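Good morning, colleagues. Please look at the structure on the screen while I speak about its charged pairs and one area of its surface.

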Amino acid sequence: FADYSRDCIWVMKKDANGVPAPGLIETFVADAANPVNLEFGPGGDLFYVDFDGGTIRRIVATTAVDKAAGRPASASSVEGAGFEPGKAVDGSSASRWSSALVDAQWWQVDLGGPVSVDSVALNWEVAYASRYQILTSLDGASFTLAAEQTIASPGWKTTSFAARIARYVRVLGLTRATPYGISFWDAQVFGPADSGGGTNQPPSAVIDGPAATTTWKVGDSIS
């Protein structure tokens, strides 16, 4: 959805049940040109009308690459069999990692080598951390703080931070929101070239005809 007066397009993500959630709204394009009438083309590109400029614009999106998918994961504790750290990166939102019933538990993933990272997306279970940190490391021993997050509900939460080179990404749950441990269904790691809306190119006019003008009237063929 868009607001032409604010030159912005947003996306509402799905919650753990696959339903669009008002609490999971993120900026998709921050520099759109007075966008109205959003429509998807047959190739999956997003088109909109520039309300003030009288042009049709296109946004080309690339596929985000989850650097954590299928990578080795470890944790400070595990609630029990079936809740191992690797469950958070196995590609299934029906399996999850869950910690022991104490605060200050962590989960981490080995990305396989130094890569650029700038955001972490977590799909929290009902037993979530109300306050947690994202930390990164090159050697798996010395970690530095990338960001700290406070949330008030489970579901998908994305934490963005300044791009950095890291091999290991750790989620440290500082405070539990429930008497249980902390648990998430999915953990994803992205970098500057593949983080959500950051992969979208600035909108550009794509009308090739009529060649003499970018305005049109009813009945004109626009291509």
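A patch, as used here, joins residues with over 30% relative accessible area and no salt bridge, like charges within 9 Å and nonpolar side chains (Val, Leu, Ile, Met, Phe, Trp, Tyr) within 5 Å. Accessible areas come from the Shrake-Rupley method with a 1.4 Å probe, and for residues only the protein chains shown count as cover. The model is predicted, so local features need pLDDT of at least 70 and side-chain atom pairs count only at pLDDT 80 or more, while totals for chains, interfaces and linings use all residues. Residues are numbered from 1 along each chain as its sequence is written, and side-chain values use heavy atoms, with hydrogens and water left out.

On the surface, F1, M12 and I25 form a nonpolar patch with about 250 Å² of accessible area together. I25 sits in strand 3, residues 20-29; strands (E, at least two residues) are DSSP runs, numbered from the N terminus. I25 is partly exposed, at 38% relative accessibility; buried means under 20%, exposed over 50%, and partly exposed in between.

I turn now to the salt bridges, each a side-chain nitrogen of Lys or Arg within 4 Å of a carboxyl oxygen of Asp or Glu. The count is 5. In one of them, R167 pairs with D110, with the closest N and O atoms 2.8 Å apart. R167 belongs to strand 12 and D110 to strand 9, so this pair links distant parts of the chain, 57 residues apart. D110 is buried, at 14%, whereas R167 is partly exposed, at 27%.

Technical notes. Helices (H or I, at least four residues) and strands (E, at least two) are DSSP runs, numbered from the N terminus. Buried means under 20% relative accessible area, exposed over 50%, partly exposed in between (1.4 Å probe, protein chains only).
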